[in-house]
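Biologist: Hi! Could you walk me through this one while I have it open on my screen?

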Amino acid sequence: MRVGLFVPCYVDAFEPEVGIATLELLERFGLDVSYPFDQTCCGQPMTNTGCHAEAAATEALFVKNFTGFDYVVAPSGSCVHQVREHLTAIPQTPEVKAVRERTFELVEFLHDVLKVEAFPWASFPHRVAYHANCNALRGIGHARPSEIQKPFFSKPLDILRKVEGIEIVDLARPDECCGFGGTFSVFEPAVSAKMGYDKVADQSRAGAAYVVSADSSCLMHQKGCAERLGMPLKFIHIAQVLNGAAA
Amino acid sequence: MSSASDELRPRGAEERLVNPEVAKAGDESERGQDGGRLAHAEGASRPLSAEPAARREREPQPRGAKIRGDRPIDQAEAAERFLAAPLHQKAHDERLWDLRKKRDAAAHGIPEWEELRELASQIKAHTLSNLDTYLEQFEAAAKANGVHVHWAADGAEHNRIVHAIMRDHGARTLIKSKSMLTEECGFRHYMAGVGIEIIETDLGERIQQLDAEEPSHIVVPAVHKTRLDVAEVFARTLGTDPDNDDVHYLAESQRETTRPHILSADAGMTGCNFAVAETGSVVTCTNEGNADLSGNVPKLQIHSIGIEKLIPRIEYLGVFIRLLSRSALGSPITQYTSHFRGPRAGTEMHMVLVDNGRSARLGMEEFWTSLKCIRCAACMNTCPVYRRSGGLSYGATYAGPIGLIIDPTYNKRKYSTLPFSSTMNGSCTNVCPVKINIHEQIFAWRKVLAEEHYIPALKQGMMKAAGAVLARPAAYRAAIGAADSALKVLPRFAVYNPLNTWGKKREMPEAPRETFHAWYKRERLKKTGQDA
Ligand code: SF4
């Protein structure tokens with residue numbers, strides 16, 4: 001199985017450990033993982049701002065980099081959502097469609113494709129608040145969102161519960177958006193930050209020591225908010241936990 | 001079925017939601033057959049504490065967005081002022097979140113909830129696709145019931161028609177129940193200009209009328225006000241005690257001063273929740289019974305109806321009634337579901353069917369389904385941005401998620417900023433009882449607005465620059481690569497405006513020692529001899 005690793009620009013620039021953990025984790029399962037060297041971004045900053053024409057060349061580059069793999073895997077629900085739902089600024093050739101269909105977020109890849117049963121190398125004896133990125137939750141279906149009348153399921157929680165010692169705490173508003181919202185965080189800074197403050201307050205009240213998420217962008221925003229409020233919360237990507245980060 | 005709903009309520013969540021203004025959850029006042037507390041009216045959504053007004057901190061009520069003609073609304077600026085009033089913001093957020101939780105409990109108590117949503121969505125889609133037929137059917141049925149039917153192309157025509165009806169009867173005073181359509185038409189303002197006195201009979205709407213402010217929410221119009229604000233408004237306009245913000249005192253004072261107007265009014269008006277084509281009847285859903293007063297007391301009654309309110313048959317009404325109040329307030333049904341069909345003996349009944357941009361919206365491929373909206377406000381209650389900005393920050397008749405997708409159809413330039421006041425988290429879409437894909441329409445609006453250059457040139461320029469760098473690996477690497485420091489590229493991705501809006505409210509991320517890319521090159525490529 002040939003896997004192309006997509007390391008989103010945020011992760012590349014700010015959270016290289018998340019990229020490293022994702023790569024190492026995938027390699028633990030004996031996969032042939034390549035990192036196409038000319039990759040940059042999925043185009044999301046532009047399309048989310050309505051600027052599809054401005055995203056076209058970036059989207060084309062993404063497809064060029066990731067054509068030919070059995071799967072493309074990325075440690076970001078938000079970027080995968082962009083690729084799957086919104087990579088539409090370029091003509092939808094069979095090549096483009098194939099890349100879009102084969103792109104998976106890490107958790108769903110582990111859960112649905114590899115069907116991983118155990119992470120024997122991992123142990124995380126901490127109280128953890130799981131943060132669901134909204135695109136991961138409602139966009140690509142990581143879990144049953146609280147609004148919907150359906151039996152509960154959660155792929156990230158299923159996966160995390162396989163890690164020894166982990167304790168998941170309950171939040172008062174389990175799937176309320178944290179306010180990152182891509183460029184929203186820059187253009188509506190007051191509301192964005194307030195949502196972040198409320199989110200980290202909820203996590204803190206729930207007794208979490210760590211916040212774990214499948215998206216670095218939300219974590220970066222929340223970390224900035226928690227530090228500003230002087231809350232001793234720690235933030236870590238799910239790839240790092242699953243890869244056996246000692247924390 | 002029950003296990004699913006159990007999982008919705010995180011353990012201990014009730015206890016953790018503490019609002020100083022909210023009394024303990026153990027209110028025993030009203031319980032239903034199953035022992036559960038009845039939550040049938042907006043007043044029940046938030047038990048009020050007995051703390052006397054004088055002992056509580058006072059905070060001036062933040063006002064809404066600044067309106068400057070057609071200039072784009074600065075929602076972010078108004079939201080920031082709302083956030084600067086923490087007592088208001090907190091009460092607002094918690095009260096609306098409480099409605100969202102009640103909505104969840106009510107919705108998840110019905111096993112067929114998702115089927116009902118689908119059914120409602122399909123009934124609306126069908127009706128809207130055959131709207132001309134159903135409107136004609138409605139008109140014929142209403143006429144057969146002895147109703148005078150009028151057609152208004154826009155808000156101005158609606159106002160003129162109602163004014164003419166009143167003039168014909170020598171009517172000078174009008175009592176009305178809450179109607180978003182009349183807000184759209186600027187009805188109160190117009191009627192004031194022609195010397196007709198209007199009294200709103202919905203308590204929240206009356207508060208807003210007395211304060212000369214627009215409603216901030218389509219179901220609970222004064223939800224952004226605290227009781228102290230209301231006490232201040234009533235003291236100023238009705239002469240009540242400014243320090244007494246006891247809810248019963250306030251409601252009673254309002255009732256005492258309004259009732260005489262109701263009894264003496266020359267005409268009465270209601271909006272419309274559903275207009276049934278086969279029967280020609282108008283259905284209103286209220287908790288205060290004020291539509292019944294407005295419709296049934298005066299001898300002249302007028303119903304204003306948005307043309308999208310049609311449903312084909314009375315038997316379909318049940319689907320919507322089951323969804324409406326559960327979505328809005330978490331109660332099984334509103335206190336009053338009233339059917340107005342024909343004039344009472346010795347009275348006259350008029351119905352005004354209003355387009356005001358609706359048929360144009362029906363022709364918009366990506367946005368026509370917004371006409372399915374039944375104005376339950378569930379999307380507003382769940383919206384994390386709305387709860388933290390207040391409805392008046394949108395500077396439009398419709399605030400919150402539904403506002404973001406319909407306001408630009410009224411004025412593209414003025415409301416061009418609104419689709420950006422969202423994180424597109426999708427919760428609105430999931431609560432919508434008629435399954436409007438709200439967050440996808442927000443996304444689609446952004447595209448339309450960017451293509452037609454309704455977004456600021458600076459913003460579009462930044463995106464163009466970002467797109468240019470991201471499309472060229474060498475340029476991208478050069479941007480990050482100089483010092484292998486992300487901070488070099490940060491201005492482009494996160495803080496690409498000179499004011500550093502990220503860092504004002506949040507700590508900046510630390511720049512790592514090296515990028516993933518550099519790590520990979522150092523650790524992995526040298527082993528294989530591959531060249532980068
Ligand atoms: S868009 Fe949907 S959720 Fe929002 S008010 Fe209309 S019907 Fe209710």
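Predicted model: local features only at pLDDT ≥ 70, side-chain atom pairs only at ≥ 80, totals over all residues.

Biologist: Good to know. How many helices and strands are there in chain B?

Modeller: Chain B has 25 helices and 10 strands. Of its 532 residues, 58% are buried. If you take the contacts in chain B with a separation of 6 or more, 74% come from residues 24 or more positions apart.

Biologist: Let's talk charges. How many salt bridges are there over all chains?

Modeller: The count over all chains is 46.

Biologist: Which residues are linked with them in a network of salt bridges?

Modeller: The network also takes in Arg173(A), Lys194(A), Asp198(A), Asp93(B) and Arg387(B), along with Glu176(A) and Arg388(B).

Biologist: Nice. What about Glu184(B), which residue does it form a salt bridge with?

Modeller: That would be Arg358(B), and the closest N and O atoms are 2.8 Å apart. Glu184(B) belongs to helix α8 and Arg358(B) to helix α15, so the pair ties together parts of chain B that are 174 residues apart in sequence. Glu184(B) is buried with a relative accessible area of 14%, and Arg358(B) is buried at 3%.

Biologist: How far apart are the closest N and O atoms of Arg522(B) and Glu514(B)?

Modeller: For that salt bridge the value is 2.2 Å. Here Arg522(B) is partly exposed, with a relative accessible area of 36%, while Glu514(B) is buried at 12%.

Biologist: Changing topic: which residues are around the ligand?

Modeller: They come from chain B, and among them are Cys373(B), Cys376(B), Cys379(B) and Cys432(B). You will also find Ile374(B), Ile402(B), Ile436(B) and Ile438(B) there, as well as Arg375(B) and Pro433(B). The shell divides into 11 nonpolar residues, no polar ones and one charged.

Biologist: I also clicked on Met269(B). Where is it found?

Modeller: Met269(B) is in strand β4 of chain B, which covers residues 267–270. Its relative accessible area is 0%, so Met269(B) is buried.

Biologist: What is Met269(B) in contact with, leaving aside its neighbours within four places in sequence?

Modeller: Its contacts include His158(B), Val162(B), Leu174(B), Phe187(B) and Ile302(B). As for Asp70(B), 199 residues away along the chain, its C-alpha atom and that of Met269(B) are separated by 31 Å.

Biologist: Last one: what does UniProt annotate in chain A?

Modeller: An unreviewed UniProt entry gives "domain: Cysteine-rich" for residues 3–83 and 128–221 of chain A. In the model, residues 3–83 are 56% helix and 12% strand, with their end C-alpha atoms 16 Å apart. Residues 128–221 are 41% helix and 11% strand, and there the end C-alpha atoms lie 18 Å apart.

Terms used
Residues numbered from 1 in each chain as written. Chains lettered and ligands numbered in written order. Heavy atoms only, no water. Salt bridge = Lys/Arg side-chain N within 4 Å of Asp/Glu carboxyl O. Helix = DSSP H or I, 4+ residues; strand = E, 2+ residues; numbered from the N terminus. Buried < 20%, exposed > 50% of the residue type's maximum accessible area, 1.4 Å probe, protein only. Contact = heavy atoms within 4.5 Å. Near = heavy atom within 4 Å. Nonpolar A, V, L, I, M, F, W, Y, C, P; charged D, E, K, R; others polar. UniProt positions renumbered as here; feature names shortened; annotations may be inferred.
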